[in-house]
Amino acid sequence: MGRIAYVNGRYVHGRDATVNVEDRGYQFADGVYEVCEIRDGALIDMTRHLDRLDRSLRELEIRWPMDRDALQIVLGEVARRNRVHDGLVYVQVTRGVARRDHVFPSADTQPAVVVTAKSTDPQVFANKAKEGVAVITVPENRWDRVDIKSIGLLPNVLARQKAKEAGAAEAWFVDRDGMVTEGGATNAWIVTPDGKLVTRPAETGILRGITRTVALEVAEAHDLQIEERAFTPDEAKSAREAFMTSATSMVMPIVRIDGVSIGNGHPGITTMALRDSFYDKAEKTLL
Ligand code: PDD
């Protein structure tokens, strides 16, 4: 986290950036979040991130903590105050502070909002993309509302920890039908031996990633053949290419799945083409 955070109406130093112990986010994971990339001094796809935040809030019947326009200003302001030129801005909204009781608190309970930002080194990601990363597969054990960007991320935490212990960057969840859903914090893609781009439809089993949406637009602009359908780990292991998408990794090539080398073991051409022209299609809001 950077030095300055926005907490319920105030910009505060990190050490003062605290929330109430009865915040329902802390006690019930009763909240939602967004992570938006900052690239070269601009917020990437902020409109879509705020649209998705709106949807998550509506699905959980949590009110907006403030005007959308005001929140947009806060995102930029937190990034600016932390001098983030390249990095991430994080926004979390919870149902607010109330005496512990599972049912919703009274309707006048003010939702709680926190915004933080941190710098990242684009060169580190570029170097990673040159090498490609490894993923493992794990059984899907999340609830069926993964379309909501909820802060309840325990299965994702455990999956990613398992990946780390296996020397991998991500874990792909595999559902009861034996199909890959998505990663712990990324969407999953393959390129078939005959060059088709495959990613699971966003209707069930996955979060509709913003990076996924933009990557589909980039793929269309490149006249690539796209199949939105589920795939198995076995199909992925014999694919020509594999990659993952997220605000934190953009388009990241995958070169190993469960220890099996993908394609020629190096980042794929299609993957790198999508990566290279991603920002042509992404929306940029200057800080
Ligand atoms: N994760 N699927 C899951 C489960 C995610 O948590 C994310 C994002 C994605 C990709 O969505 P997007 O392209 O909009 O970032 C898919 C964020 C980055 C995180 O939790 O850090």
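**Around the ligand**

I began with the ligand: of the 21 residues around it, Tyr 33, Glu 182, Ile 210, Thr 211 and Ala 247 come nearest. I keep in mind that this is a predicted model.

Next I went through polar atoms by the ligand. I found one of its oxygen atoms 2.8 Å from a polar backbone atom of Ile 210. A nitrogen atom of the ligand lies 3.3 Å from a polar backbone atom of Ala 185. For Lys 149 I looked at the side chain, where an N or O atom is 3.2 Å from a ligand nitrogen.

**Thr 186**

Then I turned to Thr 186, which I located in the loop that links β9 (180-183) and β10 (187-191). Is Thr 186 buried or exposed? With a relative accessible area of 4%, Thr 186 is buried, because the cut-off for buried is under 20%.

I also asked which side chain makes a polar contact with the side chain of Thr 186. The partner is Glu 170, at 2.6 Å. Leaving aside neighbours within four places in sequence, I listed the contacts of Thr 186 as Arg 160, Glu 170, Met 244, Thr 245, Ser 246 and Ser 249.

**Helix α5**

I checked the length of α5 (residues 154-165) next. Its 12 residues should span 16 Å at 1.5 Å a residue, and I have its end C-alpha atoms 17 Å apart, which agrees.

Which residues of α5 are buried? They are Asn 156, Ala 159 and Ala 163. Looking down the helix axis, I see these buried residues fall within an arc of 65 degrees, so they line one face of α5. Their cover includes β7 (133-139) and β8 (170-174). On the other side of α5 I noted Leu 154, Leu 158, Lys 164 and Glu 165 as exposed.

After the helix I came to Gly 167, which follows α5 and has a positive phi, near 75 degrees.

**Strand β5**

My last stop was β5 (residues 87-94). Seven of its eight residues are buried, so I wrote this strand down as largely enclosed by the rest of the structure.

I then looked up its partners. Strand β3 (residues 31-39) pairs with β5 in the antiparallel sense over eight bridges, and here I found Gly 31 opposite Thr 94.

Note on methods
Residues numbered from 1 in each chain as written. Predicted model: local features only at pLDDT ≥ 70, side-chain atom pairs only at ≥ 80, totals over all residues. Heavy atoms only, no water. Helix = DSSP H or I, 4+ residues; strand = E, 2+ residues; numbered from the N terminus. Buried < 20%, exposed > 50% of the residue type's maximum accessible area, 1.4 Å probe, protein only. Polar contact = N/O pair within 3.5 Å; in protein donor to acceptor, adjacent residues only side chain to side chain. Contact = heavy atoms within 4.5 Å. Expected span 1.5 Å × (residues − 1). Arc of directions from axis to C-beta. Pairing = 2+ DSSP bridges. Near = heavy atom within 4 Å.
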